[in-house]
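Hello,

Here is the structure we talked about. Please open it alongside this note, and my findings follow below.

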Amino acid sequence: MNITKTLGGTSLTLALEGRLDTTSSPQLETLLATELDGVTSLVFDFANLDYLSSAGLRVLLSAQKRMSRQGTMKLRNVNATVKEVFDITGFTEFLTIE
Amino acid sequence: MKRRWFIAIAALILYVAMLLATWDVSTQRADRQTQSMLDYAMLDLDSTLNGSIDTMLMHVGESIVKDLGQVGPHSVEEMQGIAEQYDVDEINLVDRTGRNLASTDARLPETNFNDKPRSKEFMILTEGKRLALSQPFRPGAHNPDVHRKYVGVAFPNGAGLVQVGIDETRLVQKFPAIMGFIFDAWLLGEHGFFLCADLEDGHLISNPARHRDEATNLAETGYNPNSPFVKEDAKTTFRQCLFGEICDCRAVIFCGHRIIAALPPAEYYTTRTLYTLVMAVVLAFVLGLFVMLFWRIDNDAARIQAFYAAEAEKAAVELELGRTIQMSVLPTDFPDNEHFRIAASMTPAREVGGDFYDFFALDETHQAFLVADVSGKGITGALYMMNARTLIKDMLLAEPTFNPATALTQVNAELCRNNPAEMFITAWVGVLDLENGRIAFANAGHNPPLRLRNKELPEWLRERSGCPLACFEKVNYRLFETALAAGEMLFLYTDGVTEAMDPEGNLYGEGRLATTLVGAVSGEPDAVTPSGLDQAVRASVRLFADDAPQADDLTVLAIQYLGAVERYMRTFSCNDKAVSSTAEYLTAMLEKCNCSEMERSQLLIALDEVVSNVVRCSNASGIALEVRFSRAPRGVTVSVSDDGKPFNPLYVPEPDTKVPLEERTPGGLGILLLRKTMDDLNYRYAHGCNILSFRKNFA
């Protein structure tokens, strides 16, 4: 999986490409652990994300919990497969999907 | 019950009829008794009346003999004087030779009694044997209008005789005095009586004791001599109401008097009533006994009938029970998978039957199917059927190559060992190889199945490997083989189909079956299914049979081969790389088929969840991945096996997806995704491996 970072002030945009699964989610987790300090607006661009598994959900859940405390988190360009996963797991309830 | 009342009513009618007959016979008998009583009375009357007159005249004669003293001539005047004294009309004195010595009639002396027959009769008195002789009233010799009666009395030693004559007219005057008392004292039966009345004025000279002061004239008694029924000839009985009582009467005119003998028939009718009463009691007893006896017998008969009805019911219950057992063992859960489709049905007949069908997997690539017909019925038949069914299944499973012929040989030997009811079973057993569509089969005397190809004529598989099961102990069944191409079907049935009859008794037959099947497979190839075939054949048979009762069980089984399955398999080491390497493998596999992006992603997510779970938790050394593609329905089945500790991830509880963000945990989401996105999810533990498979059908 490739992750493209775009940092502008306190706003961070992460463009994910490929699969957010068991193999790749630790990569995102590590990234978030170091990059989120001082960020008030986190945006995920899923335009090139094929799909995500429960491992990816776990990372997103933890990111959402943190961003709820220090700012906002948004998801953009979510495809149908990913949207379905969010729907099934009830993540649609608390994620902000644009 | 109806019969009993019928008999009771019949007995009652008989009872009444017999009583009426008894009454009638008694009446006739009473009438006869009355008649004979009256006959006797009239005879008695006649002799008494004549006897009384005779006696009176004899007394006169004796007195005259005494007065005259001896036989000798006397003047006419002297004789007339004597006649006047004794109030008679004629006296003649005759000597031993019949010469009339003295007479009240001047013309008679010097005539001889021997000259005339009537007078000659008296000459017997001169023979000294008889003392007196009486003659009835007869018309007089000189004047026929005058009825005169003569009595002769002999002189001692037959020296002569005195003949005294009296005219009826004179007697009429004397009659009341002589006779009146007789009638008063004369009894006729117990209640009968005599009436004697003057012929001219009807004055009663007698009056029966019972009606002493009720009448002085005959008219007052109620007697009507002018009635057309009355015949006063002493012989005819007629009815008159006398003193207010119906009486059987006889009447006679005698000496200027009307003498009536009257007998109230009620007297004899008393006997009649008594007789009928006795008869009533006796008949009631006899008929009552008869009716009671019949009721008892009928009751017993009813009980026997009830007993047999109960027995028949028991037999029906047994039949029903056998039927229930038979139906309960038939599999109704038809597997729906990528290898084959199967449908079967058994329509039981009311009486005979013992059909069954069966199908079961022998291993992952071999499917057994069969139809059979047991010759017995009821519980015995059903149990024998169950036994046979279990044996066939056991023998097939135990047979290393799944050879149905060998299995049948063993089943037959086993069935023959214990078959006291001498039942037998026809069976057709096939084993379908799911990898290539080949069917190994053996036929124990069963109807030939049909192989059906789309839009082609059906082909009968007439190979027969041996006689029915349980007939002969040592039978080696032969093995045959055929093959089904993808989409082709095999149709099995029992004789209940071909031997179904219409109301005229025509058989359904193999020809109609073939025609029906051709019709059924002529549609779109994909639309032709075993269950469609099953329904088509059953509908056709039902239409043919119309209202005719179903004589035998009707069983059909259709199996369709869906074609060989593509299987791919690879094993992986169970380490951190396993998740990505299995995902790569599946991705490569999915290139082979035409599936959507989303279907592909869902399969990969599922695989990710399963494999990551295995790597994380199972402590396994290796992972095997099997990918199977199927055509009908189009889809893929992925199986993940691992040799780790037994763990069924499907037992993991579903997470609550409604709780707020802060409380959400990531656990269980993987299985949830599997459940929601896959069409089938299955876990089993076999041969020391966890095997989790998930299937996705392609749109």
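In what order do the 5 strands of the open sheet in chain B lie? The order is S12-S13-S14-S15-S18, and the pairing is antiparallel. Please keep in mind that this is a predicted model.

**The sheet**

Two strands sit at the edges: S12 (355-363) and S18 of chain B. Each of them pairs on one side only. On average, neighbouring strands are turned by 20° against each other, direction ignored. S12(B) pairs with S13 (residues 366-374) of chain B over 8 bridges, in the antiparallel sense. Within chain B, Phe356(B) stands opposite Ala372(B) of S13(B). A helix also lies across part of this region: H8 (residues 404-417) of chain B covers strands S14 (425-433) and S15 (438-444) of that chain. H8(B) runs at about 25° to S15(B).

**A loop residue**

Look next at Arg464(B). Its place is in the loop between strand S17 (459-460) and strand S18 (480-483) of chain B. Leaving aside neighbours within four places in sequence, Arg464(B) is in contact with Asn443(B) and Gly445(B). Tyr477(B) is 13 residues from Arg464(B) in sequence, and their C-alpha atoms are 8.8 Å apart.

**The helix pair**

H12(B) and H13(B) pack with their axes 9 Å apart, at an angle of about 150°. Angles over 145 degrees count as roughly antiparallel, so H12(B) and H13(B) are roughly antiparallel to each other. The crossing of H12(B) past H13(B) is right-handed. H12(B) brings residues including Ala578(B), Val579(B), Leu586(B) and Leu590(B) to the contact. Among those from H13(B) are Leu603(B), Leu604(B), Leu607(B) and Val611(B). The contact residues divide into 10 nonpolar, 3 polar and 2 charged.

**Where the chains touch**

How many residues of chain B are in contact with chain A? There are 21, and they meet 21 residues of chain A. On the chain B side, the elements that give two or more residues are H12 (578-590), H13 (597-617) and H14 (669-677). H13(B) provides the largest share, 8 residues. By type, this side of chain B has 9 nonpolar, 6 polar and 6 charged residues.

Best wishes

Terms used
Residues numbered from 1 in each chain as written. Chains lettered and ligands numbered in written order. Predicted model: local features only at pLDDT ≥ 70, side-chain atom pairs only at ≥ 80, totals over all residues. Helix = DSSP H or I, 4+ residues; strand = E, 2+ residues; numbered from the N terminus. Contact = placed C-beta atoms within 7 Å. Nonpolar A, V, L, I, M, F, W, Y, C, P; charged D, E, K, R; others polar. Axes fitted to C-alpha atoms, helices over the stretch in contact; angles between N-to-C directions. Parallel < 35°, antiparallel > 145°, perpendicular 65-115°, else oblique. Left-handed = near helix turned anticlockwise from the far one by under 90°. Pairing = 2+ DSSP bridges.
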